[in-house]
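We will go from one selection to the next.

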Amino acid sequence: MSCPRCQQGRFLPGEPKGSIQTDFAGAYLATPSTNTHPKRAVLLLSDVYGLGIPNPKIIADEIAEKLECEVWVPDYFKGRPLFHPSGMEIPSKPDERLSAWEWVRWFCSNIVPNLGAHWASRPSVADRRVAELVSLIRERRNYEKIGAFGHCYGGSACIRLGGTDLFNSVVICHPGPFSMKQVKAVKVPIAWVCAEYDEFFSETTKQQCKAELAGREGTPRFVDYEFVEYKGTTHGFACRPDHDYPDVVDAYNKAQDQIAGWFENTLVLDSKE
């Protein structure tokens with residue numbers, strides 16, 4: 001499921017530097033100019049536009065440089081993203097609330113015509129595609145540690161997959177729908193990139209997630225965690241920031257630093273590379 005905010009945003013400036021890997025299910029690979037950490041890697045699980053827009057590729061390039069390791073972006077929509085890039089709209093003001101009528105109108109004009117794409121890449125299917133790619137790159141690239149971060153749709157996927165053995169650490173950026181049962185199942189370090197205004201990730205839900213993770217203190221189930229809220233931002237700011245708002249662009253850049261810093265601290269290799 002997505003929301004009207006999921007179709008709002010801007011293309012990031014610049015051009016992707018990586019390449020599509022046909023031998024790896026069409027995933028995009030970002031390689032740093034100096035690959036000093038060949039034994040660790042990160043996956044970026046994208047929003048509803050997938051690889052149909054340049055943003056996830058450019059973000060992967062940036063994170064690859066910051067972490068000096070390879071970053072992969074799976075094509076878990078198999079070339080059929082949930083929404084076509086031509087439908088991307090200029091974002092609403094960060095603090096502008098969406099009315100019930102706007103939600104209904106958006107659902108009828110956007111979700112209904114794209115039900116086929118949503119079904120073809122429903123969570124269980126998309127998660128399986130991610131798992132297949134992880135298995136492949138572990139085998140062929142010999143990574144020892146793999147992290148994942150996701151935006152919106154991909155954020156929800158990271159919560160679900162954080163309860164499996166696929167990843168060693170995850171970062172959740174303004175996620176789509178998820179359940180507290182999925183949060184309770186998370187067993188790896190988890191960081192949250194939070195928008196101030198987010199119809200999907202309300203303050204109440206955020207506090208419930210915090211309480212769940214804090215409640216593990218002193219038990220074998222405890223995992224490192226952090227929540228950072230970026231003022232003046234809304235759902236989608238960490239992947240499709242609006243250039244008309246300098247504060248939003250600044251928040252996007254700080255979110256990139258948070259993601260890189262989290263993996264720098266949690267994807268620590270047990271042996272020398």
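**Stop one: helix H5**

Select residues 153–161, helix H5, in this predicted model. Nine of its nine residues are buried, so the rest of the structure largely encloses the helix. "Buried" here means under 20% relative accessible area.

**Stop two: a cavity**

Run the search over the whole structure and two cavities of 30 Å³ or more turn up. Which residues line it? Select Ser46, Asp47, Ile53, Asn55, Pro56, Ile59, His151 and Cys239. Color this lining by class: four residues are nonpolar, three polar and one charged. Then highlight helix H1 (residues 55–67), which gives the most to the lining, with three residues.

**Stop three: the whole chain**

Zoom out and switch to cartoon. The protein chain has eight helices and eight strands. Buried residues make up 53% of its 273 residues. Next, draw contacts between residues at least 6 apart in sequence: 75% of them join residues at least 24 apart. Finish with the surface. The chain exposes about 12000 Å², and carbon and sulfur atoms supply 52% of that area.

Note on methods. Residues are numbered from 1 along each chain as its sequence is written. This is a predicted model: local features need pLDDT of at least 70, side-chain atom pairs count only at pLDDT 80 or more; totals for chains, interfaces and linings use all residues. Side-chain values use heavy atoms; hydrogens and water are left out. Helices (H or I, at least four residues) and strands (E, at least two) are DSSP runs, numbered from the N terminus. Buried means under 20% relative accessible area, exposed over 50%, partly exposed in between (1.4 Å probe, protein chains only). Contact means heavy atoms within 4.5 Å. Accessible areas come from the Shrake-Rupley method with a 1.4 Å probe; for residues, only the protein chains shown count as cover. On a 1 Å grid over the protein atoms alone, a cavity is a set of points where a 1.4 Å probe fits but cannot get out, and a pocket is an open set with protein on both sides within 12 Å along at least five of seven lines; lining residues have an atom within 4 Å of a point. Grid points are joined across faces, edges and corners, and a volume is the space filled by probe spheres set on the points. Ala, Val, Leu, Ile, Met, Phe, Trp, Tyr, Cys and Pro count as nonpolar, Asp, Glu, Lys and Arg as charged, and the others, Gly among them, as polar.
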